[in-house]
Amino acid sequence: MSKIDLRNVHVDFPIYNANAFSLRHSFVKAATGGVLKKRTENSYTVSALKNISFSLEPGDRLGLIGHNGSGKTTLLKLLAGIYAPTAGDVEVVGKVATLFDVLLGTFEEMTGYENLYVSSVLRGKTCAQAKASLEEMGKFTELGDYLHVPMRTYSSGMRLRVGFAVSTEGEPDILLVDEIFGTGDKGFVNKSVERLTALIERAGIFVFSSHSEALVSQLCNKVMILEHGEIKAFGETEEILSLYRGGV
Amino acid sequence: MKTIIAEFRECVTRRDVWLLLSLYDIRARYKRTVIGPFWLTLGTAITVLGMGVVWSSIFGMNITEFLPYVAVGMVIWTYLSSVLNEGCAAFSSQAGIIHNVKMSYFVYIMTLIFRNLVILLHNCFVIVAVFVLCGQTINLEVLWIIPGLILMILHSFWVCMIMGIVAARYRDIASIVGSITVLIMLVTPIMWKIDMLKGNRQLIALVNPFAHMINIIRDPLLGSPPSLESYIILTGLLFVGFSIACDLYRRCANFVVYWM
């Protein structure tokens, strides 16, 4: 049984920087991003998320849309338990799988297979389980013999394939995916969407951040618009997307 | 306290992660080299040999007696200084993983410790070689290295907890630690013996926890029982260290991710 429940959640980032003062005005006036507050002489707080309350139930597929820096990734990382809320309550029940930045956490000198192996152990498998699913994951990437080549030679699209294969292996209750399809080719995006759809049908909750309205309306039954770390709108996909197109 | 015990448990249940990560770290570091991690062994061997030859002559000591002493001291010191220095990046060096997967930070500490234990094992070849060459024998006292090594690992753990958190927040710490490491080595009895110090200057070695740490492993390897005094001091320090580390961890662990 999966469940996500957030009540009045705030996330404030401290930013420590000896030269922060001179940058203050240009930052505050920026159109995008959260709200910067001065803390002390050389530290700032970014209010990345403000007063976020919502809940999701099994079967919910939520699309997050908004400007760069509006808090989409922060919200996903909060749901993953990577960020702790500064205030408020976060309740996430279920086994969580994440696909955030595919470029992070890889061993550049190791082969694709070795990275598939270590990544799946990192994501909660034992060594034996990871070994057992290695072939299946390798097949999904369609990288063939490239999987025997060091990761440092991979293009970002190939990395995406490796990352996607690992994070969608298994049966997560909650799947969190950050804007990642930018570098995938069309064939792979279609295949991924297929795999995601199958996963979503089996698993409970899916949260997806994207700038692609088409993907969001294809995959999600709910949409949330974030702006400056606040929920601007939240509801059924069609309704919210038409609001979004109207310039909210 | 409850969460900290739960995190220790997570660290045990997810041992596959730190076992694999540390081995991959070492393999990745020496990929495409011919002798791989034995570069570490070779490096240590050269250092020990060089220091042994020069300093035994300076002190007018028999090299077959002095070389085993330096070899053991140097190998343990290599471990201690690596843990101290790498401890400053215990968490920040794993930022890529921390930003992507939710796991107890203790897993990253165990990765660091286990990686350095594997390196220590490679360096043990130097000790074996020097002992054979110098005709140094071992006796039953050698069993004392087991509690000694356990104590060393426990100390490594709290040091990494503190350094990992503090150095993630204050970036100068890693540089400070790096620059005092050589000083610590020079004031620790590795290349010299405590009884070479005159009078109350022996206090330098007495208040130096690194000296005690090295003593409780080096003495039994060289055939004499470790001093009770070292054990008392190190056990006391262990409790103090863990209390501070757990308190700091309880208050700060949630913020570490924001500092990276």
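**Sheet, helix packing and chain contact in the predicted model**

Leu176(A) has Val207(A), in strand 8 of chain A, as its bridge partner. The structure is a predicted model, and the pairing to which these residues belong joins strand 7 (residues 174-177) of chain A to strand 8 (residues 205-209) of chain A in the parallel sense, over four bridges. Both strands are part of an open sheet of six strands in chain A, arranged in the order 6-7-8-4-9-10 with mixed pairing. Strand 6 (96-99) and strand 10 (230-236) of chain A lie at the edges and have a single partner strand each, so that one side of each is left without a neighbour in the sheet. On average, and with direction ignored, neighbouring strands of this sheet are turned by 15° against each other. Helix 8 (residues 237-245) of chain A packs on the sheet, where it touches strand 4 (61-66), strand 9 (222-227) and strand 10 of chain A, and the direction of this helix makes about 135° with that of strand 10 of chain A.

The crossing of helix 3 of chain A with helix 4 of chain A is right-handed. On the helix 3 side of chain A, the contact comprises Tyr113(A), Leu116(A), Tyr117(A), Ser120(A) and Val121(A), which meet Cys127(A), Ala130(A), Ser133(A), Leu134(A), Met137(A) and Gly138(A) in helix 4 of chain A. By class, the residues of this contact divide into eight nonpolar, three polar and no charged.

In chain B, the axes of helix 6 (residues 106-134) and helix 7 (residues 145-169) come within 10 Å and cross at roughly 130°, which makes helix 6 of chain B oblique to helix 7 of chain B. This crossing, too, is right-handed. Ile109(B), Leu112(B) and Ile113(B) in helix 6 of chain B meet residues of helix 7 of chain B that include Ile153(B), Phe157(B) and Met161(B). The contact of helix 6 of chain B with helix 7 of chain B has seven nonpolar, two polar and no charged residues.

Between the chains, 15 residues of chain B are in contact with 21 residues of chain A. Helix 2 (15-29) and helix 5 (95-98) of chain B each supply at least two residues of the side of chain B that touches chain A, and helix 2 of chain B gives the most, with five residues. That side of chain B has eight nonpolar, four polar and three charged residues.

Key
Residues are numbered from 1 along each chain as its sequence is written. Chains are lettered from A and ligands numbered from 1 in the order in which they are written. This is a predicted model: local features need pLDDT of at least 70, side-chain atom pairs count only at pLDDT 80 or more; totals for chains, interfaces and linings use all residues. Axes are lines fitted to C-alpha atoms, for helices over the stretch in contact, and angles run from 0 to 180 degrees between N-to-C directions. Angles under 35 degrees count as roughly parallel, over 145 as roughly antiparallel, 65 to 115 as roughly perpendicular and the rest as oblique. A crossing is left-handed if the near helix is turned anticlockwise from the far one by less than a right angle, and right-handed if clockwise. Two residues are in contact if their C-beta atoms, placed from the backbone, lie within 7 Å. Ala, Val, Leu, Ile, Met, Phe, Trp, Tyr, Cys and Pro count as nonpolar, Asp, Glu, Lys and Arg as charged, and the others, Gly among them, as polar. Two strands pair if DSSP finds at least two bridges between them.
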